[in-house]
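Hello,

Here is the structure for you to look over. My notes follow below it.

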Amino acid sequence: MSVLNALLIFLISFMLIAILFKMPVSYALGTSSLLVLLYAGIQVTIVPQFSFSGIDSFSFLAIPFYIFAGVIMEYSGISRMLINWIKSFVGRVRGATGLITIFACMAFGVLTGSAMATISAIGKMMVPELKKENYPNAYVSALLAATCFLGILIPPSVPGIMYSLASGAKISEIWMATIGPAIIFAVGYCLVNYFRIARLQTKPEKIDVTFSVRLKDIGKTTVFAFPALLMPIIIYGSIYGGFCTVTEAGAVSCVYGIIYYIAIKFILKKKINITFFKMCAIAGASTAVIGLLNAFSQVAGKVMTVVGISNFLSHIITSNISSKVGFLVMINILFLFMGTFMDINATILIMTPLLLPVAQTYGISPLHFGTILIVNMCVGFLTPPFAVGIFVSTKIANATFGKTVKEAIPFILVGLVAIIVTTACPGFINFFVQLFA
């Protein structure tokens with residue numbers, strides 16, 4: 001049996017099944033793994049064992065908890081609360097509406113952990129406000145596509161849990177490691193908003209507002225937003241206060257989300273256009289997709305190890321790339337390219353078992369490797385030709401794909417800066433890990 005042939009069978013069959021036949025990534029992984037096993041003459045009875053081991057994990061329980069809590073918060077009307085709260089801090093400055101959009105997407109992403117939920121909820125609220133301020137449609141679309149994934153970089157995030165499952169790294173550490181890049185994105189986006197929009201706007205009329213009045217406004221909006229803000233406080237406080245594990249904190253956040261839903265719907269009598277059982281179904285479907293992906297990616301990883309593909313790739317890379325810098329450049333290009341067309345969770349589960357052992361031979365820690373992977377995938381979310389974020393944002397902002405891509409170039413450049421800093425300065429990401437250790 002040729003290891004190279006086995007690798008080609010896996011890659012070609014995976015691409016054909018996933019792209020040409022539009023089969024879900026999890027099924028494509030499972031089918032490709034079966035074909036490799038048949039080619040290698042290995043009993044396919046090992047597939048159920050490997051797939052079960054992929055989801056037989058206490059850490060995996062965190063995923064349905066955080067997804068369910070995020071779905072509850074998404075459909076409970078918190079977006080307007082967060083926008084008003086952030087607006088009270090930003091105040092009346094040029095480009096304020098763009099800044100509010102950036103920080104609202106960050107805050108909403110923290111609560112839901114979903115880029116698609118963020119771009120939908122915040123987009124529907126902010127697009128009319130941005131258009132009132134004469135923001136170009138294409139810029140509005142690019143801004144939404146660029147900011148929607150910031151919640152993935154700020155904990156809690158499902159991709160962080162997925163990487164932990166694939167690598168064995170601590171969930172709390174990989175969560176903290178991506179905070180630094182998130183700050184770079186946020187600062188860079190604020191600068192882009194200033195030079196592209198704010199500096200061209202007329203300065204708003206000065207309104208004399210005393211500090212006490214401003215403070216009262218902030219206090220009022222904070223009170224209304226406090227129920228939403230309390231969830232991340234509960235999660236971070238319980239984890240980093242040493243009261244419970246990441247998985248247990250997910251269960252606590254889930255309970256809080258249910259209490260929040262009951263309070264909004266029955267006590268405060270606010271209308272929510274979705275039933276509790278419908279939210280359960282949405283969360284269950286999302287969990288099932290990730291569960292299947294995790295199960296079959298475990299099969300793919302084990303199959304690659306059994307037939308020798310992992311050792312084969314490791315030998316090729318170490319034989320042709322002699323330096324750590326060369327390896328870092330290679331994985332950045334690879335991950336950025338994969339981010340343009342692959343789902344972030346699928347890429348994490350496929351590439352981590354293949355490349356992490358090689359990365360460790362160059363002295364790259366699992367934490368550094370995982371941060372590079374996640375940051376690149378986020379930038380790929382915004383990068384053509386596929387650019388999932390842009391496809392969604394153009395529909396919300398009523399913009400064309402071509403003009404949105406042109407407006408997205410400065411945001412992509414900010415992403416490249418974040419990639420370079422993340423890659424070249426592991427101490428920068430470790431700072432935040434140590435800060436919350």
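Start with S13, which is buried at a relative accessible area of 8%; the cut-off for that word is under 20%. Keep in mind that this is a predicted model.

S13 sits in helix α1, which spans residues 3-20. The S13 side chain makes a polar contact with the side chain of S32, at 3.1 Å. Setting aside neighbours within four places in sequence, S13 is in contact with L8, S32 and L35.

Next, a helix pair. Helix α17 covers residues 324-339 and helix α18 covers residues 344-361. They pack at an angle of about 175°, and their axes are 13 Å apart. Angles over 145 degrees count as roughly antiparallel, therefore α17 and α18 are roughly antiparallel to each other. On the α17 side, the contact is made by F327, I331, L334, F335 and M338. On the α18 side, the residues are T347, M351, L355, V358 and A359. By class, this contact has nine nonpolar residues, one polar and no charged ones.

Last, confidence. The protein averages a pLDDT of 82, and 96% of the residues score at least 70. Confidence is highest in helix α12 (residues 179-196), at a mean of 92. It is lowest in helix α5 (residues 78-90), at a mean of 75.

Best wishes

Conventions:
Residues numbered from 1 in each chain as written. Predicted model: local features only at pLDDT ≥ 70, side-chain atom pairs only at ≥ 80, totals over all residues. Heavy atoms only, no water. Helix = DSSP H or I, 4+ residues; strand = E, 2+ residues; numbered from the N terminus. Buried < 20%, exposed > 50% of the residue type's maximum accessible area, 1.4 Å probe, protein only. Polar contact = N/O pair within 3.5 Å; in protein donor to acceptor, adjacent residues only side chain to side chain. Contact = heavy atoms within 4.5 Å. Axes fitted to C-alpha atoms, helices over the stretch in contact; angles between N-to-C directions. Parallel < 35°, antiparallel > 145°, perpendicular 65-115°, else oblique. Nonpolar A, V, L, I, M, F, W, Y, C, P; charged D, E, K, R; others polar. pLDDT = per-residue confidence, 0-100.
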